[in-house]
Amino acid sequence: MSDQIELRVNGKSIRVAGGTVVAAAIALAGVSCFRKSVLGEARGPLCGMGICMECRVTINAQPHCRSCQVLCEEGMEVRTDE
Amino acid sequence: MSERRFDFEIVVVGAGPAGLAAACMAAENGKRVAVVDDTPWLGGQIWRGQQARPLVPQAQKWIERFRRSGATLLDRTSVIAAPRAGVLLAEHANGPREIHWDKLILATGARELFLPFPGWTLPGILGPGGLQSLAKSGWPVSGQRVVVAGSGPLLLAVADGLKKLGAKIVSIAEQAQWGRVAGFGATLLAHPAKLAQAARIKWRLLGVPYRCGVWPVKAEGDTQIRQVTLTDGQRSWTEACDLLACGFGLAPNVELPLALGCELLEGFVWVDAWQATSAAHVYCAGEPTGIGGADCALVEGQIAGHTASEHKAEAQALFQERSRWHEFRSALARAFALRAELKSLATADTLVCRCEDVSLGRMKQFAGWRDAKLQSRCGMGACQGRVCGAAAKVIFGWGMESVRPPVLPARIESLISVAEKESAEGGKASTGSECRAPALREYEN
Amino acid sequence: MSQTYDIIIVGAGIVGAACAAECARAGLKTLVLDRGPVSGGTTAAGMGHIVVMDDSEAQFALTNYSRRLWMELRPELPAEVEYDSCGTLWVAADGEELAEVRRKQAFYTERGVRVEVLDAEDIRSAEPNLRPGLAGGLRVVEDAVVYPPCAARFLLDQSKRHGAELRTSVTVHELLGDGGVRLADGSRISAGRCVSATGPWSPALTPGLPVRKRKGHLVITDRHPGFVRHQIVELGYLKSAHSMGKDSVAFNIQPRQTGQMLIGSSRQFDAEDTAVDQPILERMLKRAIEYLPSLGRLSSIRVWTGHRAATPDKLPIIGPSVVGDRVWLATGHEGLGITTSLGTGRLLADLLLGRRTEIPASPYSPARFEGAKA
């Protein structure tokens with residue numbers, strides 16, 4: 001499938017296929033830490049189905065979005081905890 | 001779509017097998033039907049990806065049928081509250097939605113059961129179903145070494161699916177004993193299609209170690225998992241991996257049913273023969289009533305759809321088929337019952353609540369779930385106890401209490417819509433500005 | 001006459017816990033009973049604001065005294081109590097409310113409470129997420145925030161160190177005139193005195209007590225650190241004096257150390273149930289969004305309700321009941337129980353032991369209500 005959508009993950013441009021979820025785009029960008037836990041641990045997706053809240057990131061300045069449930073869109077700005 | 005208020009005769013929550021089947025029946029029976037789903041996909045978690053790249057003929061068939069049925073799909077719509085009978089509040093990217101129903105069918109599916117063990121919070125450890133879902137939506141697994149662990153038939157299906165996407169399956173660790181799993185295999189003789197499916201999967205996974213009576217005890221890594229330690233109770237060994245897909249079967253999504261006042265029986269939504277719950281005009285089908293898989297969900301969904309649209313004869317005609325799947329469901333529960341050792345994988349400093357980072361040792365200081373929640377904040381975070389509450393039930397036998405809105409975390413503005421509407425329509429609700437606190441001197445802290 | 005305990009305290013919320021800490025510290029053999037877990041009632045439902053109030057001299061005296069006790073206790077509080085001296089910011093929407101700011105400033109200043117008046121510009125820089133155009137505000141510098149369930153647990157732990165016993169999941173059915181209690185299972189525990197610290201449920205044990213349940217709603221958000229910096233409360237009550245509804249809402253928001261926020265508040269009489277009342281919740285949230293326009297986009301995790309123990313004169317009931325001097329009361333703290341718990345515990349112990357109280361105790365005496373004699 002050809003790359004169709006361009007978005008930015010932590011400021012870095014990445015192209016992904018249509019139908020890719022934001023969580024996958026983050027992984028494709030080589031980022032393993034989606035959020036920092038209360039004690040500062042790096043966390044990534046656990047359930048992949050929208051219930052565990054571990055994959056929450058900031059999408060277009062809206063914090064706490066479940067990246068596993070949101071499809072990538074052209075020009076999206078995605079930020080993880082670094 | 002910026003529409004905010006929706007009215008349907010029958011509303012189905014969940015677009016997985018049970019929800020699609022229910023919606024098809026009700027819509028084909030001439031009712032105005034909507035299916036509401038959290039995700040942007042049709043098919044729920046189990047059939048995720050079938051919409052774009054159809055591989056499962058059964059999924060394909062039902063998705064097609066749904067599209068022809070005339071039912072409306074409200075996707076990316078998360079139900080967050082049931083403020084009064086006949087109304088659901090939901091959140092959509094474009095704003096809050098209010099969905100009115102005469103009959104409601106809950107097909108909220110299941111989630112994976114996660115049990116804590118040292119290292120389980122490392123990135124790269126996901127539920128098997130979750131990893132498969134993400135892989136279908138672009139998560140890179142090609143060339144990745146994956147250990148699949150936990151329990152249930154899903155492990156094999158996921159290993160198969162990931163292998164097709166180019167993953168290297170290092171091994172599969174099933175916690176149930178071989179004897180039980182083999183016994184389950186024998187019950188599949190009554191379900192030839194399932195048996196054939198299992199045989200095909202096993203064939204494709206030839207060369208991948210499938211070990212029964214084996215479970216994970218420790219994960220290690222740096223920025224992500226690098227290796228997992230497995231045990232058979234006698235000896236332990238370590239396997240290097242890039243991803244660990246680990247889940248201990250499924251747990252029903254009963255939050256919305258609870259919010260609607262549906263009674264539970266042994267952790268599942270109680271339904272009568274017609275799939276009717278204890279709450280008036282509310283039906284339930286699929287995994288929330290018992291973990292039985294997609295086929296069981298399809299039959300229950302059809303029955304619920306027929307019942308809700310007053311086609312009882314058609315519903316009744318499916319009772320026998322449902323009985324067969326309920327036998328399968330019981331066999332599933334027996335074969336993959338969790339071993340006691342899994343309750344003590346976590347050590348005192350293993351985090352159980354991942355939202356609030358509460359350790360097992362801290363939780364152990366308290367007598368029950370509510371006490372532990374109040375004092376340690378476990379279960380008070382963004383997942384609302386979905387992960388640690390289910391684990392605490394297994395580890396401590398603690399029961400969950402009632403559900404509070406919102407059923408899923410939601411934007412504050414999404415909690416506001418009903419009264420605004422009602423006051424605009426001259427309804428009884430009043431607006432905020434006309435009546436303030438009698439005095440803030442009557443203060444609170 | 002030998003009693004099993006010197007004193008039995010019924011209710012392990014913040015008020016019962018504070019009474020237990022004081023009684024045990026004074027050497028009384030103390031037993032605390034609760035039908036649920038520690039702080040499972042109103043304490044769990046409340047916000048946890050340590051605040052000095054000025055509705056009456058008596059209210060000021062008790063809140064100011066109590067806040068001082070909290071400040072003295074602060075060095076001993078464990079981290080999970082989350083004591084944060086963020087201060088209270090009373091917000092004035094317009095000139096009329098600004099006049100109230102000045103009145104409050106004078107009241108507090110005369111009585112030695114540290115306050116600062118903020119003009120329109122100050123308030124913008126103090127809380128940038130508040131809507132533009134507010135007239136000003138009053139910052140009560142030493143007001144603070146705690147996490148009530150852990151605060152109650154800490155006070156109970158203190159009492160245990162002085163020999164007190166705690167039994168949870170034990171229901172008391174009757175306070176006996178001889179100072180003992182009778183439990184739901186029919187058994188009795190004897191004591192020299194018993195204290196009802198059962199908040200909104202106290203009329204069940206003391207029939208006729210003029211304590212009414214007053215329901216409130218709260219919303220907690222996900223972590224949005226820095227969105228607000230003070231406990232912010234509207235001063236808008238002047239206008240509302242003309243429209244005294246049975247149900248009311250007011251803007252009140254509290255930052256937690258976790259970066260979460262608690263959003264209140266609502267008040268409803270005659271609402272015994274604990275269900276979320278959607279229309280009042282919406283009014284409450286709309287009021288909050290009027291003050292903090294971008295609040296609506298933030299993520300909420302949970303909505304819940306609780307019941308305050310309201311009295312006719314807005315003052316708590318502390319002291320021997322009129323039934324007899326063996327049955328005591330520590331209830332009726334309405335929305336101020338977290339603040340006034342410490343003052344209540346100290347007053348109760350002083351009265352029990354015949355010590356001189358630091359503030360006059362008579363305004364809170366049960367004797368002021370005819371109903372307490374029932």
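In chain B of this predicted model, helices H5(B) and H10(B) are roughly antiparallel to each other, because angles over 145 degrees count as such, whereas those under 35 degrees count as roughly parallel, those from 65 to 115 as roughly perpendicular and the rest as oblique. The axes of H5 (residues 178-187) and H10 (residues 319-335) of chain B come within 9 Å and cross at roughly 170°, where axes are lines fitted to C-alpha atoms, for helices over the stretch in contact, and angles run from 0 to 180 degrees between N-to-C directions. Helices (H or I, at least four residues) and strands (E, at least two) are DSSP runs numbered from the N terminus. On the H5(B) side, B:Arg180, B:Phe184 and B:Thr187 meet B:Phe328, B:Ala331, B:Leu332, B:Arg334 and B:Ala335 of H10(B), contact meaning heavy atoms within 4.5 Å. This contact of H5(B) with H10(B) comprises 5 nonpolar, 1 polar and 2 charged residues, with Ala, Val, Leu, Ile, Met, Phe, Trp, Tyr, Cys and Pro counted as nonpolar, Asp, Glu, Lys and Arg as charged, and the others, Gly among them, as polar.

As the model is predicted, local features need pLDDT of at least 70 and side-chain atom pairs count only at pLDDT 80 or more, while totals for chains, interfaces and linings use all residues; side-chain values use heavy atoms, with hydrogens and water left out. Residues are numbered from 1 along each chain as its sequence is written, and chains are lettered from A and ligands numbered from 1 in the order in which they are written.

A further helix pair of chain B is formed by H1 (residues 17-28) and H8 (residues 293-308), whose axes come within 7 Å and cross at roughly 30°, which makes H1(B) roughly parallel to H8(B). Their crossing is right-handed, the near helix being turned clockwise from the far one, whereas in a left-handed crossing it is turned anticlockwise by less than a right angle. Residues of H1(B) in this contact include B:Pro17, B:Met25 and B:Ala26, and those of H8(B) include B:Leu298, B:Gln302 and B:His306. By class, the contact of H1(B) with H8(B) has 9 nonpolar, 4 polar and no charged residues.

In chain C, the axes of H1 (residues 14-25) and H6 (residues 148-161) come within 8 Å and cross at roughly 20°, so that H1(C) and H6(C) are roughly parallel to each other. The crossing of H1(C) and H6(C) is left-handed, and their contact has 11 nonpolar, 2 polar and no charged residues.

Between chains A and B, the contact takes 35 residues from chain A and 41 residues from chain B. The area buried there is about 3000 Å², of which carbon and sulfur atoms give 61%; buried area is the accessible area (1.4 Å probe) that two parts lose on being put together, summed over both. In chain A, A:Leu46, A:Met49 and A:Ile51 lose the most area to chain B, together 24% of what that side buries. Across this interface of chain A and chain B the rule finds 3 salt bridges, each a side-chain nitrogen of Lys or Arg within 4 Å of a carboxyl oxygen of Asp or Glu. The side chains of A:Arg43 and B:Asp357 meet in a salt bridge with an N to O distance of 2.8 Å.

Some backbone features may also be noted. The peptide bond from B:Pro405 to B:Pro406 is cis, with omega near -10°, and B:Pro406 lies in the loop between helix H13 (388-396) and strand E22 (410-411) of chain B. In chain C, the peptide bond from C:Gly264 to C:Ser265 is cis, with omega near -5°, and C:Ser265 is placed in strand E16 (residues 261-269).
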